[in-house]
Amino acid sequence: MQPIVRFGNVTKRFPNGVTALNEVNLEFFPGQVAVVLGPSGAGKSTLLRIINGLESPTTGTVSVGDLAVTPANHRAVRKRAGMVFQQFNLVPRLSVMANVLCGRLAYRNIWTSLFFTFPASDFELAEKALTAVGLADRAWDRVDKLSGGQQQRVAIARTVVQQGAVILADEPVASLDPATSIEIMDILVKIAKETGCSLILNLHQVDLALKYGERIIGIKRGVVQFDSKPSDLGEDQIAALYAA
Amino acid sequence: MRCVTPNRAPRVGTIAGTSLVVVFLAATYPLIQLDPGRNLGNLFSFLGRFAVAPNWDYAPKLGPRLWETVLMAFVATFWAILISFPICFFASQRFTSNKILGAGIRGIVAVLRAFPELMLALLLASSIGLGPIAGVVALFLTTVGFLVKTFAESLDVVDRKPVEGITAAGADWTGIRTIGAVPQALPDFVGLSLYSFDVNIRASAIIGALGAGGIGYDISQAVKLFQFDRLGLLIVSIYLIVAAIDVASSQIRRRLH
């Protein structure tokens with residue numbers, strides 16, 4: 001199978017000298033739920049943000065499908081790779097519907113950016129996505145009036161209307177309570193399966209990783225420590241990942 | 001008394017700053033020629049002259065004059081907002097397309113802000129001709145100077161996360177700004193625009209004294225000709241219009257949060 005995301009010898013060094021990723025080689029495949037685990041500052045976020053072009057590698061190459069992730073390709077890459085964030089990253093003051101429609105901006109030109117008008121087909125997609133995450137009745141509420149779990153569902157709907165091939169989720173449940181976390185994880189995995197998207201998640205809860213992941217990747221100090229099925233993963237490997 | 005510093009003594013900076021203020025205050029004393037007896041006497045005799053019946057025959061003429069003043073302020077503010085909005089993105093440190101261009105625009109608007117409206121109006125009156133247009137252009141230029149700077153500063157402090165969300169969703173250069181940043185800065189933009197209108201009404205009343213039209217000309221005439229029966233009406237009418245705008249703008253701002 002052709003990988004949907006490919007890291008070729010990727011190193012990311014920040015101006016402050018921190019090496020977030022050190023010669024990482026990884027391939028992600030369509031329809032797979034991959035969970036990235038690792039201690040704080042291990043480079044998990046950087047790994048995801050590089051796929052979407054929010055960060056650029058210092059050396060090495062990243063590609064999404066047949067597209068190399070370069071500044072010139074950013075919008076085309078983002079069309080394929082939607083992103084869900086820890087803090088939801090929705091635009092406050094706008095309605096739920098407006099925020100979901102923002103997922104269509106990759107397909108629209110400057111007129112949509114200036115006058116914020118979308119074709120009827122985009123509204124249909126947004127309504128469908130909101131139904132899928134169970135928020136159809138809140139479409140015209142202001143997004144900042146919603147609870148954290150609901151806001152994350154709006155953010156998921158925004159990636160759904162992007163109709164991409166990958167959903168990147170950077171600590172999607174780290175700001176949510178345990179019950180809501182399960183709810184959001186269920187929705188993310190269900191949507192990835194229904195749309196055939198590859199789901200790449202950063203998590204810091206090992207139990208959630210083992211429950212939902214089809215593949216677990218451990219990262220520490222920017223280096224991949226292990227990359228295996230949850231069933232093949234030993235407790236000692238996880239303990240070593242979080243050891244100082 | 002002990003100060004909360006390592007050696008319990010006041011900081012050098014605090015002492016230096018306080019001393020500087022005191023020196024400046026002392027230096028101004030001869031300059032302003034304060035003479036309470038004479039100043040207060042003048043004030044009371046001036047106030048005494050208002051003890052005349054208002055000239056109600058003049059009142060009907062007041063409305064159109066006031067309306068002219070408000071319209072001058074409105075036209076200048078409207079065009080200043082319209083021009084400043086697109087420019088502010090390029091003046092913003094965070095959202096400009098080019099740092100040098102941004103610094104250049106901020107430099108130009110700093111020049112516009114540097115001159116008082118009255119001075120610009122005087123220069124314009126002698127270059128493009130006396131009349132309302134000189135006043136309106138003067139207000140417009142000063143307001144552009146103010147709004148480009150303050151709009152850009154509002155953009156600079158918007159929350160990073162929604163902007164990142166919109167960027168990650170694949171928005172273009174414009175969309176990242178208009179959809180990611182503007183909704184967050186909008187209450188500031190509206191508040192600053194209303195404040196400009198408020199300032200411009202007062203400024204256009206002053207500029208009118210140059211003959212640019214509006215109520216300012218009548219005020220300067222009334223003062224020069226000792227028409228205190230008119231002056232009282234003029235002062236009250238300016239107060240009423242400024243207060244009304246103030247109430248309206250705080251209502252609008254409250255609704256926008």
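How many helices and how many strands does the secondary structure of chain B come to? I take that up in point 2, after a word on conventions.

1. Conventions. This is a predicted model, in which local features need pLDDT of at least 70 and side-chain atom pairs count only at pLDDT 80 or more, while totals for chains, interfaces and linings use all residues. Residues are numbered from 1 along each chain as its sequence is written, and chains are lettered from A and ligands numbered from 1 in the order in which they are written.

2. Chain B, make-up. The count is 10 helices and 0 strands, where helices (H or I, at least four residues) and strands (E, at least two) are DSSP runs numbered from the N terminus. The pattern along the sequence is accordingly written α-α-α-α-α-α-α-α-α-α.

3. Chain B, overall form. The radius of gyration of chain B, taken over C-alpha atoms, is 24 Å, whereas a compact globule of 257 residues would have one near 18 Å (the globule rule is 2.2 Å times the number of residues to the power 0.38). Its C-alpha trace spans about 70 × 60 × 40 Å along the principal axes. Of the 257 residues, 34% count as buried (20 or more other C-beta atoms within 10 Å of a residue's own; exposed means 12 or fewer, partly exposed in between; C-beta atoms are placed from the backbone).

4. Chain B, contacts. Among contacts between residues at least 6 apart in sequence, 71% join residues at least 24 apart (a contact needs C-beta atoms, placed from the backbone, within 7 Å).

5. Helix H5 of chain B. In H5(B), the buried residues are B:Glu117, B:Leu120, B:Ala121, B:Leu124 and B:Ala125. They cover an arc of only 140 degrees around the axis, so they lie on the same side of H5(B) (the arc is that of the directions from the helix axis to the C-beta atoms). These buried residues pack against helix H6 (132-156) and helix H8 (173-207) of chain B. On the face turned away from the buried side sit the exposed residues B:Met119, B:Ser126 and B:Ser127. Just after H5(B), B:Gly129 has a positive phi of about 110 degrees.

6. A:Pro172. This residue is in the loop between strand S7 (166-170) and helix H7 (178-195) of chain A. Is A:Pro172 buried or exposed? With 25 other C-beta atoms within 10 Å, A:Pro172 is buried. Leaving aside residues up to four places away in sequence, A:Pro172 touches A:Val84, A:Gln86, A:Gln152, A:Ile184, A:Leu188 and A:Leu201.

Terms used. Contact = placed C-beta atoms within 7 Å.
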